[in-house]
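Please open the model in your viewer and display the backbone as a cartoon.

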Amino acid sequence: MQTDTTTRAARVHAGSLRKEHVGRKISLSGWVQKRRDFGELIFIDIRERSGMAQVVIDQARALPAVVAAAKELRQEFVIRVEGEVAERIAGQQNPNMPTGEVEVIASNIEILSRSDVPPFVVENETTAAEDTRLRYRYLDLRRPALTANMVLRDRISFGVRDYLHQNGFLEIETPILTRSTPEGARDYLVPSRVHPGNFYALPQSPQIFKQLLMVSGMERYYQIARCFRDEDLRSDRQPEFTQIDIEASFIDEEFIFSMIEGMFARIFPLAGIELSTPFIRMTWQEAMDRFGVDRPDTRFGLELVDISAAASATDFAPFRAAIESKGTVRAIVVPGGAAFSRKRTDDLTEVAKSSGASGLVWIKTDQQRNSSIRKFLNETSFDSLRAAAGARDGDLILAVAGTETVVWDVLGNLRLKIARDEKLIPEERWNFLWVTDFPLLEHDEVAGRYFAKHHPFTSPAVADYDKLESDPGATLARAYDIVLNGLELGGGSIRINTPELQSRMFRALGINEDEAKERFGFLLEAFRYGAPPHGGIALGLDRIVMLMARATSIRDVIAFPKTMRGQDLMCGAPSTVPESQLDDLAIAIRKDETS
């Protein structure tokens with residue numbers, strides 16, 4: 001039924017209807033969530049971004065055209081309804097809906113658009129496969145849960161901008177088409193038509209540009225920046241992602257810590273998450289020693305314990321061999337874990353082996369005093385290991401021997417698995433943590449050279465300048481990560497700001513003078529004209545929103561995400577292109593001779 005637009009009632013958002021609207025003539029627009037026909041009364045649930053409201057058609061009183069339109073409605077039809085807001089009678093109110101105290105008595109219904117039967121029902125709980133939901137992402141986004149995620153993301157982005165503007169930061173855009181400077185993840189390359197055989201790269205981060213902005217005197221910069229990395233994907237990663245990118249001049253680490261804590265204190269309450277500052281700080285070494293990982297989840301115990309001294313006194317050869325080769329023996333203690341079945345300990349052993357361990361030693365501190373290496377332990381050595389681990393009666397000790405790196409990795413993985421299996425991780429606890437004093441460099445045995453732990457523009461600790469050449473592996477960085485509940489939210493550092501120190505850093509990374517000039521010459525030249533001391537941080541906006549929304553996948557907080565294989569199932573990307581386009585770009589596709 002059509003309506004004269006000159007007399008149309010003012011539109012009210014469905015989700016905003018409340019008792020104070022009773023008696024008002026209004027207009028609602030949105031999608032049909034559900035139609036229920038009870039003979040004399042027809043009920044329509046109308047849904048749009050703000051929420052849902054109930055519309056009632058009284059067949060005895062409504063115009064025939066209104067009744068006819070109501071009977072025609074199906075799920076996902078787009079409609080406009082005019083009517084009067086009425087209070088629901090006692091017993092028919094819905095406390096589970098914000099609009100559950102009122103309804104709209106329809107005087108007019110206009111069908112704006114019809115819908116085919118959707119491939120899945122548009123509601124919060126769905127059994128549709130994720131591939132199906134991604135194929136019809138525009139329908140998936142209609143689900144109230146995902147709509148709420150998009151609304152939250154907008155509020156977070158606005159809050160970040162507002163906070164940084166209040167603190168004197170300028171929002172400045174940096175190039176998307178730039179130069180490839182591979183160091184870490186692979187670049188996405190873009191061929192140049194005007195310069196055949198040459199390529200742009202999509203930025204993995206605005207790192208160099210934001211440092212050049214500091215040289216330019218902008219002093220405080222930020223950008224909610226799109227970044228691209230051609231790397232293997234996980235539930236919390238995408239090939240294109242968004243980061244809150246920040247850089248400032250004449251500052252130190254304390255400035256960054258205070259600024260980011262203040263920003264989080266501003267935005268996290270938007271999701272009902274209150275936090276206290278300052279955040280706990282922990283060195284990289286302490287994080288590895290206690291948790292086996294540099295992004296520890298501190299909401300539960302199961303911390304690593306060094307039992308090397310006690311292990312060296314046993315007759316178990318793998319323990320002694322690890323220690324003699326300058327390795328370590330460490331353990332975690334599972335409270336009450338002596339009750340674990342043999343199958344359970346066997347399963348944990350397989351997890352340890354898949355993480356790189358040659359095996360897993362278990363010791364039960366109950367009356368049976370059983371152990372996977374019991375024949376190598378006398379009563380004294382058994383008690384010594386128990387005491388070293390700090391185990392109590394009925395606990396389970398899980399120990400791993402090997403190099404420090406392997407032991408950290410294995411026990412870190414076991415710690416998380418057991419905590420999840422045993423439900424030791426409390427919900428709605430938000431443990432923020434700064435991890436500091438990272439190693440500047442890490443050595444790759446296969447490549448036979450050092451790589452930057454963060455990136456090659458991170459400043460060494462002032463006290464370690466002289467170690468860059470003499471002991472690069474022992475050099476600490478002025479780097480820091482911000483971690484929440486075992487997930488890294490972002491990382492940053494105080495930067496190198498002199499050409500001399502930057503050149504030394506390149507040499508430590510095996511980048512000779514000619515290569516440094518070719519790849520980073522413009523940055524080194526800029527430093528010759530007076531670069532202020534500066535530093536910054538990059539925070540993963542997608543990951544922050546995922547945590548704040550209590551979502552389980554980063555794809556649930558991105559409007560149009562890619563699959564785990566980097567595909568857009570809705571648009572069909574990546575795709576082939578016509579030969580004519582490839583010819584314009586001077587590109588030929590190499591055919592696999594075996595195909």
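The model is a predicted one. Next, select the whole of α15, residues 513–527: its 15 residues place the end C-alpha atoms only 16 Å apart, short of the 21 Å that a straight helix would reach at 1.5 Å a residue.

Move to the N-terminal end of this helix and show the side chain of N512. N512 caps α15 there, with a side-chain oxygen 3.2 Å from the backbone nitrogen of D514.

Now colour the buried residues of α15, which are A516, R519, F520, G521, L523, L524, A526 and F527.

The remaining stops concern backbone geometry. Most residues other than glycine have a negative phi, and most peptide bonds are trans.

Select T277 and P278, which are joined by a cis peptide bond with omega of about 0 degrees. P278 belongs to the loop between α6 (253–267) and β11 (280–283). A cis bond also leads from A573 to P574, where omega is near 0 degrees; P574 is placed in the loop between α16 (541–548) and α17 (579–584).

Proceed to F250, in the loop between β10 (240–249) and α6. Phi of F250 is positive, near 60 degrees, and this residue is exposed, with a relative accessible area of 59%.

Finish at E428, whose phi is also positive, near 55 degrees. The loop that holds E428 runs between α12 (404–421) and β16 (432–436).

Conventions:
Residues are numbered from 1 along each chain as its sequence is written. This is a predicted model: local features need pLDDT of at least 70, side-chain atom pairs count only at pLDDT 80 or more; totals for chains, interfaces and linings use all residues. Side-chain values use heavy atoms; hydrogens and water are left out. Helices (H or I, at least four residues) and strands (E, at least two) are DSSP runs, numbered from the N terminus. The expected span of a helix is 1.5 Å times one less than its number of residues. Buried means under 20% relative accessible area, exposed over 50%, partly exposed in between (1.4 Å probe, protein chains only). A polar contact is a pair of N or O atoms within 3.5 Å; within protein, one must be able to donate a hydrogen and the other to accept it, and residues adjacent in sequence count only if both atoms are side-chain atoms.
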